[in-house]
Amino acid sequence: MKYYILFGPPGAGKGTQAKFIAEKYNLLHISTGDLLRKEMAAGTPLGLQAKKLINDGNLVPDEVVVGMIRNTFSSNKDVDGFLLDGFPRTIAQAEKLDEMLAESSEKVDKVLSLVIKDQTIFERIANRAKIEGRKDDADPKTIQNRIDTYHLKTEPLVDYYKKTGNYCEIPGEQTIEEVFKSICKVIG
Ligand code: AMP
């Protein structure tokens, strides 16, 4: 089983690239953001719990997303691998993921990290707001909070994964096609 992480700030293009990568390499794309939005749309207790946090641009608790990942892994045993998009987002989540994989003597194969400037994040998210209508994309204050949260809680994962030797950076400001080509080169 292969485990790839698609890493990067909000608006880096993870969702767009994930669809191409998952198709080409026969991976199951898991986006914790998409899973949470489905829970919100269905009005489940979990969705209701997550709603305010997401709409304000804050992270949901680690145990919530770790539980979602664990369930998805255990109910999809017949795939070639997984492409994690938007998970992990904290050191605690990364540690839990490592523990989970170690239970079956597995590990993260590669961390594909899309790198873009804060200014580009802002422009991309503001643009996406017009297309997808996500509440957390609409308000500049919420976008800023998501960027700050990324720097504070998620960016430390760069050093975490650099130490493992499977961390690869990809310039995220190229065209969609160029980014995809660069990712494919890294996956090999
Ligand atoms: P995304 O679609 O990946 O941008 O995620 C949208 C929102 O869902 C984030 O701003 C968080 O509020 C929440 N979320 C998604 N993934 C995670 C995660 N791994 N940990 C905590 N919160 C998450």
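## The ligand shell

By class, the shell around the ligand holds 6 nonpolar, 5 polar and 5 charged residues, where Ala, Val, Leu, Ile, Met, Phe, Trp, Tyr, Cys and Pro count as nonpolar, Asp, Glu, Lys and Arg as charged, and the others, Gly among them, as polar. This is a predicted model, in which local features need pLDDT of at least 70 and side-chain atom pairs count only at pLDDT 80 or more, while totals for chains, interfaces and linings use all residues. Residues are numbered from 1 along each chain as its sequence is written, and side-chain values use heavy atoms, with hydrogens and water left out.

Of the 16 residues around the ligand, those that come nearest are Thr32, Arg37, Asn58, Gly86 and Gln93; a residue is near if one of its heavy atoms lies within 4 Å of the molecule. Helix α2 (residues 32-42) gives the largest share of this shell, 4 residues, with helices (H or I, at least four residues) and strands (E, at least two) taken as DSSP runs numbered from the N terminus.

## Polar contacts and cover

A nitrogen atom of the ligand lies 2.8 Å from a polar side-chain atom of Thr32, and a polar side-chain atom of Arg89 lies 3.0 Å from a nitrogen atom of the ligand. In the side chain of Arg37, an N or O atom is 2.9 Å from an oxygen atom of the ligand. The protein covers 96% of the 480 Å² of accessible area that the ligand has on its own, as computed by the Shrake-Rupley method with a 1.4 Å probe.

## The largest pocket

The ligand takes up the space of the largest pocket, an open set of points on a 1 Å grid over the protein atoms alone, with protein on both sides within 12 Å along at least five of seven lines. This pocket has a volume of about 1000 Å³, which is the space filled by probe spheres set on the points.

Its lining comprises 48 residues, of which Pro10, Gly11, Lys14, Arg128 and Arg134 lie nearest the centre. Elements that give two or more residues to this lining include β1 (2-7), α1 (14-25), β2 (28-31) and α6 (118-132). The lining divides into 17 nonpolar, 19 polar and 12 charged residues.

## The second largest pocket

About 230 Å³ of space lies in the second largest pocket, which is lined by 13 residues, with Tyr3, Phe73, Lys77, Met100 and Ser104 nearest its centre. Both α4 (62-74) and α5 (91-102) supply at least two residues of the lining, and the largest share, 3 residues, comes from α4.

Notes:
A polar contact is a pair of N or O atoms within 3.5 Å; within protein, one must be able to donate a hydrogen and the other to accept it, and residues adjacent in sequence count only if both atoms are side-chain atoms. On a 1 Å grid over the protein atoms alone, a cavity is a set of points where a 1.4 Å probe fits but cannot get out, and a pocket is an open set with protein on both sides within 12 Å along at least five of seven lines; lining residues have an atom within 4 Å of a point. A molecule sits in a cavity or pocket if more than half of its atoms lie within 2 Å of its grid points.
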